Amino acid sequence: MTDADIAVIGGGVIGCLIAREITTRAPQSRVAVIDRDVVACGATRRSAGLHFPRGTTPRVREMADLSQTSYEELLGDEPSLPIHPLALSVLSSNAAGVERTYLGRAGLTPAQDVHGGLITVPRGTSVWTGRGCHYADVGALTEALARHLRPRVAFREGTRVTAVEPGSAAVTLRLSTGESFSASKAVLAPGPWLADPAWRSLVEPLGARVKKVIALHVDGVPEAHAGAVVFEDEDAFLLPLHHRGHWLFSYTCQEWDVEPDDIAEGISAAHLAEARACLERYAPGLAARATSGRVFCDAYSPTREPLVRALDDSARVVFAGAANGSGYRLAPAIAAETADLLRILPGQRKSA
Ligand SMILES: Cc1cc2nc3c(=O)[nH]c(=O)nc-3n(C[C@H](O)[C@H](O)[C@H](O)COP(=O)(O)OP(=O)(O)OC[C@H]3O[C@@H](n4cnc5c(N)ncnc54)[C@H](O)[C@@H]3O)c2cc1C
């Protein structure tokens, strides 16, 4: 007898949504979530939490669509969850690209300006407004998900997995507590901790890499109706964090192959200048007020599509993540693909 049917390693938003998906599909299954820290302490805690209805490939568009529906249902079931619907504005010099990548349900329509002129629209750039956008306090949401799961799911926090050993009948996990933990199958949802010696050799063939992610905090309380602005040409966005009382500006930092445990020094002067220069092109008034922010990292896949893959021949160990800075907005779809790969079908009474 194993200790669990499914062990999920990593208690971030992806790991917790996977545990939720499995127990929804197969309520009798014995699921454990194991995290070396407390739940929602990794990329999840630092996430800007923006969801917008877009995807550069058919699969990612489908994932965005499914995830949006899933978050709408979650919020419908429990309106107190920290998910905040927002208006959406999109700026781009590539109208065909916008047409191709945004979902029909975004209902994009051409517009003249953004936030009554708060944003400067560069020459050659068009503006659209749309719907289906929201942001979440992802850490608080994940904690709420874990709270709901606790009666059905065993949470082992402060417990590091030090080795993952797939066998023919079960997977054995070695734990920092000195114990072993056996499960029929294991899901690795390690966020940016790809290089952990516990699974490095299993994960390396996926070719995923870890990139620094930086978002500036911009002082100034956004007006109640203020929405998100996506700058397509820059792969950047401006987000009113209403629950914190300030704006957030996320830009694309190109520092690769960083280690999550090494990111403690805060935002460097060079990155602060780079991000402010980007914001300056669209909102000079806000750039002057961007003096701080959050810095962490995320896992990126070679194709820029999330990875949901079996890591061993008998598919006892499955990797889920590397969502390229979109791990929040695609997490419900990643969870659904993971449950499919584990062959846990909706309505199943006991997992394999
Ligand atoms: C600044 C920033 C802004 C972002 N903004 C957005 C956004 O607007 N929209 C969006 O969709 N995405 C955004 N992202 C990306 C998104 O937050 C991540 O993709 C997502 O949180 C990844 O979730 P996860 O559960 O895979 O990883 P994590 O939340 O990092 O969870 C991984 C967990 O694994 C645990 N773990 C690691 N090693 C071990 C071990 N050996 N044993 C046990 N446990 C272990 C860790 O403790 C951690 O809790 C942003 C990311 C950052 C950093």
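How many bridges join strand E1 to E2, and in which sense do the two strands run? Four bridges join strand E1 (residues 4–9) to E2, and the pair runs parallel. Keep in mind that this is a predicted model.

**Around the ligand**

- Start with the neighbours: 40 residues surround the ligand, and Asp35, Thr44, Leu50, Asp298 and Arg329 are the closest of them.
- By residue type, the shell around the ligand splits into 19 nonpolar, 13 polar and eight charged residues.
- Helix H1 (13–25), helix H2 (43–46) and strand E15 (290–300) each put at least two residues into the shell around the ligand.
- E15 gives the largest share of that shell, with four residues.

**Backbone contacts to the ligand**

- A polar backbone atom of Ile14 sits 3.1 Å from an oxygen atom of the ligand.
- For Gly325, a backbone N or O atom is 3.0 Å from a nitrogen atom of the ligand.
- Ser326 also takes part through its backbone, with an N or O atom 3.4 Å from an oxygen atom of the ligand.
- Taken on its own, the ligand has 1,000 Å² of accessible area, and the protein covers 98% of it.

- Strand E2 (residues 31–34) is covered on both faces.
- On one side of E2 you'll find Val31 and Val33, on the other Ala32 and Ile34, and all of these are buried.
- Within the parallel pairing of E1 and E2, Val8 stands opposite Val33 in E2.

- Which residues of strand E9 (residues 171–175) lie on its covered face, and which on its uncovered one? Val171, Leu173 and Leu175 make up the covered face, while Thr172 and Arg174 are on the uncovered face.
- Strand E8 (residues 161–166) pairs with E9 in the antiparallel sense, over five bridges.
- The two strands E8 and E9 form a hairpin, with four residues between them.
- On the other pairing, E9 runs antiparallel to strand E10 (residues 180–188), and four bridges join them.
- E9 and E10 form a hairpin as well, again with four residues between them.
- In the turn of the E9 and E10 hairpin, Gly178 has a positive phi of about 95 degrees.

**Two buried threonines**

- Thr101 is part of helix H4 (residues 95–101).
- Why does Thr101 count as buried? Its relative accessibility is 5%, and the cut-off for buried is under 20%.
- The Thr101 side chain reaches the backbone oxygen of Gly97 at 2.8 Å.
- Thr2 lies in the segment before E1.
- Thr2 counts as buried because its relative accessibility is 18%, which is also under the 20% cut-off.
- A polar atom of the Thr2 side chain is 3.0 Å from the backbone oxygen of Ala4.

Conventions
Residues numbered from 1 in each chain as written. Predicted model: local features only at pLDDT ≥ 70, side-chain atom pairs only at ≥ 80, totals over all residues. Heavy atoms only, no water. Near = heavy atom within 4 Å. Polar contact = N/O pair within 3.5 Å; in protein donor to acceptor, adjacent residues only side chain to side chain. Areas by Shrake-Rupley, 256 points an atom, 1.4 Å probe, with all protein chains shown as cover. Nonpolar A, V, L, I, M, F, W, Y, C, P; charged D, E, K, R; others polar. Buried < 20%, exposed > 50% of the residue type's maximum accessible area, 1.4 Å probe, protein only. Pairing = 2+ DSSP bridges.
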